[in-house]
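Dear colleague,

Please find below the structure that I am handing over to you.

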Amino acid sequence: MFNKKVSKLLYGGDYNPEQWPREIWDEDMRLFDLAGIDIATLNVFSWALNQPDENTYNFEWLDKAMDLLHKNGIHVCLGTSTAAHPAWMATKYPDVLIVDFEGRKRKFGRRHNSCPNSPTFRKYSQAMAQKLAERYKDNPALLLWHVNNEYGVHCYCENCEKSFRVWLKERYGTLEELNRAWYTRFWGHTFYSWEEVVLPNVLSEHLDLNNQDVTSFQGISLDYARFMSDSILDCYKLERDAIKKIIPDAVVTTNFQSNGTYKPLDYFKWAKELDVIALDSYPTNDMPMSHTAMRYDLMRGLKDGDPYLLMESCPTQLNWKPQNALKRPGINKLWSYQVISRGADSVMYFQLRRSVGAFEKFHGALIDHVGHENTRVFRECAELGEELKVLGDSFLGARVESKVAILFDWENWWAIEYSSGPTVELKYLNEVQKYYDAFYQQNIQVDMIGVDTDLSKYDVVVAPVLYMVKEGYSEKLTEFVKKGGTFVTTFFSGIVNESDLVTLGGYPGELRELLGIWVEEMDALFPEQKNSIVMKENVGELSGTFECGILCDLLHAEGADVIAEYGSEFYKGMPVITKNRFGNGEAWYIASSPEHDFLKELLSHISAQKGIKPLLKTHEQVEVSCRNKDGKQFFFIMNHNEVPTIVNLGKELYRDLLNNQAISGEIEIASKDVKVLEYQLEKNNE
């Protein structure tokens with residue numbers, strides 16, 4: 001991952017010495033040593049300090065900070081400082097300011113405030129990255145680069161509109177092809193000149209000021225989402241390339257936000273341009289642990305299973321929620337091990353010292369406003385730091401192995417929620433989470449994959465709500481099933497192509513032959529309305545009747561076996577669950593959104609049929625994950641319950657890595673605690 005030797009999982013976070021007098025810096029070093037900190041992210045929001053005017057650069061403070069960190073044995077993750085442009089830039093070059101969804105030109109302020117298609121922003125951000133690379137290329141503290149910060153702002157200015165037209169010319173080549181893809185004969189939208197194309201916002205195609213998903217032309221809005229993701233990615237690439245021009249082997253990344261499922265940016269496309277994935281994760285006390293687990297698995301899947309970095313988290317309370325609860329004792333350590341267990345090779349915080357003023361002064365930190373180590377939060381962080389030292393490099397770089405994959409596709413997400421029907425209750429993220437939860441609660445490991453991922457290493461591939469079928473993907477799925485794989489998909493799948501044009505000839509379009517069904521109609525249910533799934537035959541231990549809702553596909557079997565039927569409405573008795581034998585494999589179709597118990601039992605049966613077993617069988621709210629390295633398996637058993645819980649390891653031998661003791665059989669795990677175990681493969685084979 002790095003071009004320097006790293007001997008353990010990295011532990012640290014965002015450090016802002018420029019906000020503090022020099023005498024505080026030395027005290028920080030003492031406290032960092034006590035907590036086991038070995039990496040600090042510098043210079044994330046310091047553009048105005050580094051460049052007070054157009055022609056002046058001032059890095060003396062940064063020189064001193066990097067030298068001090070190196071002297072104290074701490075690696076530096078060096079930010080490029082371009083996450084907020086200076087006030088002088090906004091005053092002199094107003095093209096750098098964004099225009100919002102309503103068409104209003106913003107003034108200087110906040111952060112993420114730069115238009116991604118501003119020539120000014122691109123020029124000066126690239127120059128800043130190059131200046132930093134030239135200055136610090138040989139600095140011994142430098143470990144990796146952090147470009148910008150939590151990219152994602154959308155802009156609707158004239159520069160973006162002009163750039164959008166250029167992007168469209170490159171994508172479609174001709175106006176005839178653009179008109180075809182956008183279906184512009186509807187509502188008289190035919191374009192005869194590229195200059196006639198305007199960007200879609202509330203002044204043009206969008207219909208609801210409070211809901212940016214409501215658009216009258218899905219094709220235009222979908223392409224603008226693609227264009228904005230690409231435009232912002234181009235800004236990242238400009239800075240990355242400026243760094244690599246000076247330091248060819250530099251490790252360069254940026255931090256993904258919203259716990260990894262940030263809707264505006266296609267992270268699978270972005271991942272190809274990053275040397276390592278980096279994530280900011282801020283779960284709250286009321287968030288189900290399966291939600292964070294899925295997002296961690298998604299980060300791992302962005303680069304085909306490579307380990308990633310937790311770039312930001314919080315050791316205690318947040319500051320931007322309506323109510324910002326403290327993390328209860330033990331939670332920070334427990335949640336840190338959760339992300340480690342699912343592929344992270346670091347635990348990093350925002351922030352290492354709590355700010356004195358402005359928006360994030362009440363955001364939690366390693367060092368609180370009191371300024372010393374005698375706080376509960378510091379003690380808990382120091383305890384984790386000590387444990388990470390003990391663990392060393394035992395599973396550094398270890399990978400997670402799975403035979404089950406769930407498809408996640410940003411463009412499909414955009415297209416589904418831009419759709420003007422059949423129901424606003426259909427949310428892509430929610431449906432994917434339902435399927436993930438069914439595996440998670442059985443401790444069956446899952447890879448979250450993109451459309452480019454090789455399917456040959458999987459036995460089961462699940463694609464919830466595969467509304468958009470991209471070119472060549474139906475063939476890829478067909479080949480997977482022919483060779484013996486099991487494919488599972490759901491209602492509202494196989495409907496459109498990449499331009500959001502309906503595939504004619506009957507739903508589910510290109511998937512119709514593979515699934516052996518024809519969907520004639522779709523019934524959208526009201527939120528309080530339910531139908532039922534009535535099993536025709538037992539599937540493993542699955543029998544009886546279950547609730548379903550949101551959408552009900554009315555379908556006809558065309559070779560598929562009917563496993564279950566609807567229990568009510570005029571389509572009572574029509575198929576709701578089907579299984580089609582195809583080649584050496586099978587393809588399942590779930591025609592409505594079922595209750596959790598149904599999914600859990602069905603996916604348990606499908607997994608068992610492929611020889612896929614839970615890592616361990618545990619009580620509810622006890623999570624198990626496993627990483628593999630050099631023929632060794634490392635198990636993480638996490639008790640999210642409020643009470644101690646017994647876990648049965650069976651006769652197999654494990655070594656507790658934190659106390660170096662061999663264990664087997666029944667073990668007790670305290671509330672909010674974790675066991676990190678190495679599976680004793682050699683001893684178990686004796």
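The notes that follow cover the salt bridges, the pockets and the nonpolar cores.

Please bear in mind that this is a predicted model.

Salt bridges

The model contains 46 salt bridges by the rule applied here.

In the pair formed by Arg165 and Glu161, the side chains meet at 3.5 Å, N to O. Both partners belong to helix 6 (residues 158-172), and because they are four residues apart in that helix, about one helical turn separates them. Arg165 and Glu161 are both buried.

A salt bridge also joins Asp223 to Arg171, with an N to O distance of 3.4 Å. This pair connects distant parts of the chain, since Asp223 sits in helix 8 (residues 218-246) and Arg171 in helix 6, 52 residues apart.

Glu387 counts as buried because its relative accessibility is 14%, under the 20% limit. Lys333 counts as buried as well, at 13% relative accessibility.

The volume of the largest pocket is about 1700 Å³. Its lining comprises 50 residues, and those closest to the centre are Arg110, Arg111, His112, Glu150 and Gln257. Helix 8 and helix 13 (410-418) each contribute at least two residues to the lining of the largest pocket, and helix 8 gives the largest share, with three residues. By class, the lining of this pocket consists of 20 nonpolar, 17 polar and 13 charged residues.

The second largest pocket holds about 890 Å³ of space. It is lined by 40 residues, of which Tyr440, Gln441, Gln442, Lys600 and Glu620 are the closest to its centre. Which elements each supply at least two residues of this lining? They are helix 10 (289-301), helix 11, helix 17 (596-609) and strand 21 (622-629). Helix 17 provides the largest share, eight residues. The lining of the second largest pocket divides into 14 nonpolar, 15 polar and eleven charged residues.

Nonpolar cores

In soluble globular proteins, nonpolar side chains tend to be buried together. In this model, the largest nonpolar core has 194 residues, and the members with the most contacts inside it are Phe32, Trp145, Trp270, Leu302, Phe395, Phe408 and Phe487. Leaving aside residues up to four places away in sequence, Trp270 touches Tyr151, Ser229, Ile232, Leu233, Tyr236, Thr254, Phe256 and Leu265. Another core, of 25 residues, lies apart from the largest one and includes Ile98, Phe164, Trp167 and Val197.

With kind regards

Note on methods
Residues numbered from 1 in each chain as written. Predicted model: local features only at pLDDT ≥ 70, side-chain atom pairs only at ≥ 80, totals over all residues. Heavy atoms only, no water. Salt bridge = Lys/Arg side-chain N within 4 Å of Asp/Glu carboxyl O. Buried < 20%, exposed > 50% of the residue type's maximum accessible area, 1.4 Å probe, protein only. 1 Å grid on protein atoms, 1.4 Å probe; cavity = no way out; pocket = protein on both sides within 12 Å on 5 of 7 lines; lining within 4 Å. Points joined across faces, edges and corners; volume = space filled by probe spheres on them. Nonpolar A, V, L, I, M, F, W, Y, C, P; charged D, E, K, R; others polar. Core = buried A, V, L, I, M, F, W, Y, C linked by side-chain atoms within 4.5 Å. Contact = heavy atoms within 4.5 Å.
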